[in-house]
Amino acid sequence: MFQVSNLMVFYENALAVNELSLEVAEGQMVGIIGSNSAGKTTLLNTLSGLILDIQLKERRKGGEHITVLGTITYQGRDISLMPAYVRAREGIVLCRERHPVFGDSTVMENLRIAGYLKNRAQIKRGIDLAMELFPALKALTRRKAGLMSGGEQQMLAIGMALMVEPKLLFLDEPLLGLSPAMQQKVMDAVKKALKMANTTIVIAEQFARPILPVIHKGYVIENGMLTMTGTGEELMANPEIKSAYFGI
Amino acid sequence: MARRLERLDRGIKVRSDDVFALNSWREMLYIIAPRVLPVLLLLVLGLAATPYWQRVIMQACMIGLLAISWDLLASVGMVSLGQALFFGIGAYIAGILDHYAGLGPWLTIPIATVGGAALSTLLLLPVLRLRGIYFSMVTLIMPLMIERIIEATKIFGGTEGLSGLQPMPHALVEIIAAMAVVWVALFSFNRMMSSDYGLILKGINDNDRAVMSAGLNIYLYKAQALFLAAGVGAFAGAFVTHAYQFVGMPVFALDYSILPIAGAAVGGMGTMSGPLLGCFILVPLNELLRGLGGMRTVIYAVLLVVFTVGLPEGIFHFIKRKYTQFERWVEVEQ
């Protein structure tokens, strides 16, 4: 369904993503595991098309040259040069890191803004889905999003991404800054969302412990390079992963 | 084979950043030339020009000072839309001291610089706590308000203004003094911004809460920056007052607020040199177009749009990048 081959991203002369190839099959949950500065966010920005916009803006203000090489294929089509907003319409949606929500709007407004492209019935279905996945949001519908806790904002951000009815959903560090209990809650909801929203999910995370048991397939990246691939169980059994991510 | 554009520092730049610069005339020249050449060029232009164009250069210097002051404020996170406030207060203090007390330019200009800075800082002190657009709105409205107060109360000559003030000793003194002050302001502020003190100022723009967490009173620093910037603006006002031997309500006009910002947009913000360069392009250009009559504003505006759309980083940043870095295409191994 979604293939990436030989992807390279340069920020000026620094190589952020190095000859990375990966493949995502429909209906799967795929994990991208890497520590800080491994290139996870750059990778997801590239896959969702945001990098094209960043590239343009940097070039216009005379900032860093960003070079993107390699091909991204989605449902048999090369989408390497497709702008982010077209990709979102095609069903490739990114939920960015640090739970970006519209701080001055209420939870309900946020969900409606996210569903702008959809019709009334779809919006209603989307809101129902978000409320079912994250029951905690039910009591908060009239609350200003900017004043909620990090965990609540993260739940809302995922709910907003699901409003677009994505065929392929990228989650960038959904567990960032959450307590272990909250992490588990979010992961349970993500697992449920995979089935209920009938979608495909790619999660980039540095916390491997809650992620690995859930994913069908995992890619471990270091310094922008792919170092290991395998199913969740295989990676969990790997001694290097154990020492690097579980501290055993 | 895939290619990408690589951008690297020039060898001479890397060498002259280091102590090696002292070993070779070429490296020393590389550092000194971009600082000395503009000074010399302006000096020659200023001395060779006709009296009319000398006035234009003086005007450009004064607008340039306002632009430097604007850039200093902007790099502390205070975007001022009212440079005319500083300019006008300085102009009126100098005019009043000369008209009523008969002090000459050698006394009025220093007093107006310090007094104008203090008065402007006091006036804006209550809005220092406002961030972003609110500070801009207040600064935009203040000069216009003072202009109306003078019109309504008829103080200091009212709409007539104060005329017949003492002139500068000599046209040559005037032009040289104008240039000297511009260069002193530019180089000393640039030096200041790269010191530890400047680091705090830049930090306030970047993340004021982090500066507060470091135990620094950001309002004190903001007030100091405002005092410095207002002083530069007030000097420009006082200087122009004596050059034209007149002060009146037009010193609070919107032009003095807009031109420095236009200069900053054309020249490139954040370096002080950029806005100054922008003013040295825009002010003479404005005079050149004077022969065109009504079309002047149209052409001027179109040029402004072309500059800001075509080179959003600003001319100065563009030149600086070309001077310190080079670009080449390299093949990427895949």
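A:Arg98 sits in the loop that joins strand S6 (92–95) to helix H4 (107–114) of chain A; helices (H or I, at least four residues) and strands (E, at least two) are DSSP runs, numbered from the N terminus. The model is a predicted one, in which local features need pLDDT of at least 70, side-chain atom pairs count only at pLDDT 80 or more, and totals for chains, interfaces and linings use all residues. Residues are numbered from 1 along each chain as its sequence is written, and chains are lettered from A and ligands numbered from 1 in the order in which they are written.

The backbone of A:Arg98 has a positive phi, near 60°, in a residue other than glycine. With 13 other C-beta atoms within 10 Å, A:Arg98 is partly exposed; a residue is buried if 20 or more other C-beta atoms, placed from the backbone, lie within 10 Å of its own, exposed if 12 or fewer, and partly exposed in between. In chain B, B:Lys154 also has a positive phi, near 60°, and is found in the loop between helix H6 (133–153) and strand S2 (162–163) of chain B. B:Lys154 counts as exposed because 10 C-beta neighbours lie inside 10 Å. Most residues other than glycine have a negative phi.

Another loop of chain A, between helix H6 (150–163) and strand S7 (168–172), holds A:Pro166. This proline counts as buried because it has 21 C-beta neighbours inside 10 Å. Beyond its neighbours within four places in sequence, A:Pro166 is in contact with A:Gly91, A:Ile92, A:Val93, A:Ala161 and A:Thr199, where contact requires C-beta atoms, placed from the backbone, within 7 Å.

Turning to the sheet, four strands of chain A form an open arrangement in the order S2-S1-S4-S5, with antiparallel pairing; two strands pair if DSSP finds at least two bridges between them. Strand S2 (14–24) and strand S5 (77–78) of chain A each have a single partner strand and stand at the edges, so one side of each lacks a neighbour in the sheet. Seven bridges link S1(A) and S2(A) in the antiparallel sense, and A:Phe2 has A:Val24 in S2(A) as its bridge partner. Helix H1 (residues 40–48) of chain A lies across S1, S2 and S4 of chain A, at about 60° to S2(A). Helix H2 (residues 50–60) of chain A also packs on the sheet, touching S1 and S4 of chain A, and its direction makes about 160° with that of S4(A). Axes are lines fitted to C-alpha atoms, for helices over the stretch in contact, and angles run from 0 to 180 degrees between N-to-C directions.

At the boundary between the chains, twelve residues of chain A are in contact with twelve residues of chain B. Strand S1 (2–11) and strand S4 (66–74) of chain A are the elements that give two or more residues to the chain A side, and S1(A) gives the most, with three residues.

The largest nonpolar core has 80 residues, of which B:Met62, B:Leu65 and B:Ile68 touch the most other members; such a core is a set of buried Ala, Val, Leu, Ile, Met, Phe, Trp, Tyr and Cys residues joined through C-beta atoms within 7 Å. Helix H9 (residues 218–244) of chain B gives the most to this core, with 14 residues. In H9(B), 20 of the 27 residues are buried, so the helix is largely enclosed by the rest of the structure.

Notes
Contact = placed C-beta atoms within 7 Å.
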